[in-house]
Structure formats: structure tokens, C-alpha cells
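Here are my notes on this model, as numbered points. Have the structure open while you read.

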Amino acid sequence: MNQAGRMLLSGNEAIALAARHAGVALGAGYPGTPSTEILEYFSELGGKAQWSPNEKVALEVALGAAFAGASAMAAMKHVGLNVAADPLFTAAYTGVSGALVVVSADDPGLASSQNEQDNRRYAVAAAVPMLEPSDSQEAYELTLEALDLSRLWGLPVLLRVTTRICHSKSIVLPRPPREAPPSPVFHRDVRSRVMIPAYAKLAHQKLRKKLAEIARWCEQSPLNRVIRGDDSLGIIASGIAYVHAREAAPRASFLKLGVTYPLAIEQARAFAAGVRRCLVIEEGDPYLVDSLRAAGIAVEGQAEIFRFGELNVGRVKRIIAGDPTDEPPMPPGKPPQLCAGCPHRKVFETLGRLGCIVSGDIGCYTLGVLPPFEAMDTCVCMGASIGVGLGLRHVLGGDQARRVVSVIGDSTFVHSGITGLVEMIYNPPATGHVLIILDNGTTAMTGLQEHPGTGRKLDHKATGRVVYEDLARALGITNVHVVDPTRDGEGFERLLASALKRDELTVIITRRPCLLAARRISELDKAAENKPDHGG
Amino acid sequence: MADRVTNVVVAGLGGQGVLKASDILAEAAFRAGLDVKKAEVHGMSQRGGSVRSDVRFGPQVFSPMVPNGSADFLVALAADQVEPNQPCLADGGILISPENVDENLLSNRRCLNVALLGFLSAHLELPESHWLAAIRSNLPSPLHEANCQAFAVGRKMGGIG
Ligand SMILES: Cc1ncc(C[n+]2csc(CCOP(=O)(O)OP(=O)(O)O)c2C)c(N)n1
Ligand code: SF4
């Protein structure tokens, strides 16, 4: 929405718009709330955006583009960065020729996640600079800044956002168009780009030197600013915590940090010295407060209870008042459930009826844990269903072992289930194993995104397709079945019951489109039939 | 209204159009030249579950979330979502629920969300033209007529018409 140059945008839209304005040549990622819309908007705005099978691949693709001198972006949710951590840590050593911004969308309060990890720790651990916006205007500007900083220092830069930044809308005034980045070319530089130990040793030293320089730059950076108010209370804050705190304490002085790694330590020291009480307000881990205290700055932190969940104006007022007493519980909302007619329903009904021990995974189907199904026993992280199921089978006695089933969604299987399947063939339990791949033709959980198993790209255009049954057979599984339990519930139940008895490896693919995606899928399939030449 | 922040919470169940309603409200305030912030938690995880969206507008808005006990209006699209969201209302805050409009007057009952916005609009100083423009820009054209009709019904029941 645009009015006299003003726009009302979500943080995700603002990041996408900035990426487009800055000439980002490639955006790669894997869907994950609250980050998903960044690449979707980037694509809608005409940017080249793609879903990769998982976040590690996405970051590697973006890194390759940045090695070639392009401006690139990788976007993912907080746990996605765990998957992409391996390339991130060494990309800090190799650096980039172009620009590389890694967007980490954290989810304090677990609106839609399996944990509330605080990815500010990754900036420190991987040694990459980190910027944190407080609203959509800053999301726009700090994306531009992150790209500039990355190109200037030749380092990947982490843009750390949270659910309330991603999904809140506020007003954005875009900057005038800027010059496009130079065209990509590859320059050979093996000492910087090939991390054998001899070169990596030097690269590590170079990285620490750069960070020290960035820390000096940071002390003067306009991205950190002081808002002078009363000197009886000074608050140091960043991200969404800053806007809550401005509202909770309108008369206080503020040190508002836009760069949260490296930290402007001397600026913080001077700020703390200039106020009678200096309080750090932060959502999640005590990252800022610990770092400032380690530098010898006397700052006050928050009681442990405020580490859990999101902050808001009311909670910040309590922090300021030093009130650590129990907070009134939030009235329970109505929990989500599988849609009526969801193809996952029949599968979980059957698993429950057969008394299976279900090693589950993440997606819509995780709702199989709730009544009326109550047919899931473990859920850890994407892909874990297979490894965890195998581990259970290895050590349990025969009777229990034969009831263990791993259940994984199609998008999750491509994301991180394929290596689990390889493990299943390589280290088969004595009782065999049963893996069910729930193929509903989409990544439903995060809003119906395409993935490599749908044969369509982020923008729904046809491309090569991974066929699970072919893959399983090629890897050496002989019992591979494709069924539709909604259509033939009894047949599915018989098949599963006999597979559980067999002491062999079985892969069952339950295929029926997600109810919400079915219409679009059939329309896209029809369109593709009329245009057969879509390549592989 | 002009010199302070107005806080509205829209609440309901997944699929009822909570986010659409709050988008329309936020845009109407945006078109009036005000500072606007809107917060919600979305993703597909709310199939049928509770959904809440906060909209705040005025001269300058900091936090995007309406602090508990400070909503001027709670617009509840489902009767059973009134109780869990009641704590957001300020003393003297106004509850707007499906009871406030006669659904039989709507040409399409799925437009209840917009009808309740019409009722809300009667209590706000945002010009009607901004509301109608916001409805049109947030919905595909085949739905304009039914939604504008629903808005008018709600606005009338709210006391303007
Ligand atoms: C590492 C990581 N990336 C992304 C996510 C977010 N996420 C959770 S499940 C899921 C995919 C769900 O798709 P699928 O497996 O096809 O199941 P469906 O929801 O369609 O039933 C995604 C993207 C996550 N939890 N962890
Ligand atoms: S969105 Fe699709 S996969 Fe998810 S619960 Fe509904 S029908 Fe099932």
C-alpha cells in the first residue's frame, strides 16, 4: 500500500523491498515462520528468489553468488540457522567479494516453532556482524546497511529479526533508487576461498582483525544512537524491545543499538556513566547484559522470568519496577487442529488404532499429537523422525521395537529426511523399520510453499521433481508402497499392520494433496499438461 | 482521538477474516495520514485456532502490540473469543461482537468481519472514503459489493447512516 511515498509494510515486506532496491541478485531460503514471506515478496517484486531443499543449501547457494561478486540474501527462521551453521561459520573466514546478508527470523514466545533459541549468539560464535531493526522502516534501512557493510568489509552480515518485526506492519518511507551493484565476475583468490588449514589459520586472524576495525567503526555508527531524556533512568535496548521500552518509559534516556555485534562498548560505558540507573531491556537470552558486564560496565538486567516468551509494554514496566513476581497466566486460546478432511487424519487414526510408537516430525501433521488422535510420541527437529525412530528400534525389545514407525512430511523429507533414509539402509535395526512419508504435495505448515518434491519452483513454475518412491528404490528399499489412506483406509491399515510384522525395511508414501492446496495443484498440473516442454 | 493513540484488538478464529479486517482498519488509518502499527502472529499454524491482531494508530506509535488493559475497542468475530481477549480492554473500552450486527441483513454472511468494522467505524473519526478505499484495495473486486454492503449495515447499526 503506497500513499505519497509512504508505505504500510510488514518487516518481511520491508526487507524484501530493500533487497530489491539494493539490486540483490539472488535470494535463497527454506520456508519457516516468521521468515517465509521475505522471499515470497522478493519474488513478487520481480527479484530472483528460490526455495532450496534446506537452509544449509540455501546459504551455500547465496554464498556462491556472493563469491562471484553479486549481492545475495539467505532468509530463514532461527532453527534454520542451526542447519545452515556449518557454511556460516566458515563463510566468516572466506568472506565474500560481493555482499551476503543472512536473515535470521527468531521466534521468542514460540508462536510457531519448537524452541525459542536466541540467534544473537550465532553472531558472536560465527564472528559475523549483526544488525537488529526495531520496526519496518528500520528493517528496510538496516537491510540496505547490511548489504553495504557486507560489501565494504567483505564479510557475511546477520540481519536478526523476530516475529514481531517480521509480521508487524508499520510505515516505511523508501529511499531514492540507488546504483545497481557491479556485474558478477569471478576472481581467483584461493588463499581466501579455499579453507585448507594453512589458509584458514590466516583467514581466522584476518577475520578477528576486521572485527576489531568494525568494533571501532561501530562506536561512531549512526546505527546506534542516544535519545536523551531524564538521567534518572537509562535504558539500553535493541530490536522490538526498544519500542516496548520507549512506550513503557517515555521520559527515560535510551541507548538504542542497531548494531548488536560487535557492540559499541565505549559508547555504552559512557551512556551508563551518564545515568543514575542503567537498565538493559532485551527479549530472550541475557546477551547484551552479559556482554556489557563482561566489559566492566555496571548495568542492571532482568529477572529470569522475563527470559521466557515475548516482551511487551506491560512486562517492560514490570522489569523497570523490579517486579519479579509471577505474572498472571494468559487465558488459553483455542488450539489449532488438522483441517476437517485433511489427508493426514486417516494416517494418525490408523497409527493410533495399531498402537504404534510414533517417531514424529514437524509440519501440520505434528497436530497428530493432540486429541482426537494422540498418535505421536516424539518430535524434535526437522528430519529427526527417522534417526530417532531407528534409535528406538535398535535398543527396544522386539515387541515394542516392532511398533515403532517414523512419520515425516514430504517437504520435511526433502529438507533433512533423505540422509535419515540412507542411515536406515546402512544401519538397519534387527526388526527392520517402517517409514511413512506424508506426501500432501506442498509445505502446508508455513503457508503452502513449493518444494523439490512438487516439481514447481517458488513462483510455481514447473521444474525438475524429486520422486520419493524412485529415490527409496534406488537407495535399495524393496518394500516401497504408494497409497491414499483417505480413499482406502482399510487397505492402508492392512499394509501398515503387515509391514510392522515383517522385520524388513518399508517405505510407505501416503499421497493425497493438502485440502487447501488441492485446487491450486490441479490447476497448475492442468496448465503444465498443456505446455509439455518444461525441461528437467 | 487525534492527539492520542487509538488501540483496537481484532480477535476470532482461523478462517474468519481477522487478519483481513485488521488490514482494512490499518489501511483506513494509514490513508488518514496517521502513524500506524499492526501486530499479529500468523502462519498456517492457526487452522481453526485463535487469531488476534492488534492495530494502533495516532500521532506516534511505539510498540506494535496493544498493552493489556488499554484497548479502546475489542472487535470479536466469534462469541467464544470474547472471554479470552477481555483482559486487553481498557476501563470503559468498547466490546464489539457478532451480537452488534444482524447477520440476516448481510448479503453474504462471510462478510461479518467487515460488518463489524462498519460498526467500529461509527466510533472512530476516520473518513468513510478511506474505509471504502481500504476495503477495495484489500479484497478482490468480485467481493467489493458484498463487503461494502456489509460495512454499510454495520456502520448503520453503530449509529451512523
Ligand atoms: C530447520 C527448520 N526449518 C524450517 C522449519 C519450519 N517448518 C516446520 S515444518 C515445515 C515443513 C512442513 O511441510 P511438510 O513436511 O510437507 O508437512 P505439512 O505441513 O505439509 O503437513 C517447515 C517449513 C523448522 N521447524 N525447522
Ligand atoms: S493445511 Fe493441509 S495439511 Fe495442513 S491441516 Fe489443513 S489440509 Fe491438512
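Two strands count as paired if DSSP finds at least two bridges between them. Helices (H or I, at least four residues) and strands (E, at least two) are DSSP runs, numbered from the N terminus.

This is a predicted model, with local features needing pLDDT of at least 70, side-chain atom pairs counting only at pLDDT 80 or more, and totals for chains, interfaces and linings using all residues. Residues are numbered from 1 along each chain as its sequence is written, chains are lettered from A in the order in which they are written, and side-chain values use heavy atoms, with hydrogens and water left out.

1. Start with the open sheet in chain A: four strands in the order β10-β12-β11-β14, with mixed pairing. β10 (225-227) and β14 (278-281) of chain A are the edge strands with a single partner each, so each has one side without a neighbour in the sheet. From one strand to the next, the twist averages 20 degrees.

2. Within that sheet, β10(A) pairs antiparallel with β12 (residues 252-257) of chain A over three bridges. A:Arg225 has A:Lys256 in β12(A) as its bridge partner.

3. α11(A) lies across β10, β11 (230-238), β12 and β14 of chain A, at about 150 degrees to β11(A) (axes are lines fitted to C-alpha atoms, for helices over the stretch in contact; angles run from 0 to 180 degrees between N-to-C directions).

4. On to the interface, where 40 residues of chain A and 33 residues of chain B are in contact (heavy atoms within 4.5 Å). The buried area is about 3100 Å², with carbon and sulfur atoms giving 62%; buried area is the accessible area (1.4 Å probe) that two parts lose on being put together, summed over both. A:Arg164, A:Lys169 and A:Lys334 supply 18% of what chain A buries against chain B, more than any other three residues.

5. Two salt bridges cross the interface of chain A and chain B (a side-chain nitrogen of Lys or Arg within 4 Å of a carboxyl oxygen of Asp or Glu). B:Arg56 forms one with A:Glu247, with the closest N and O atoms 2.8 Å apart. Of the elements on the side of chain A that touches chain B, α11(A) gives the most, with five residues.
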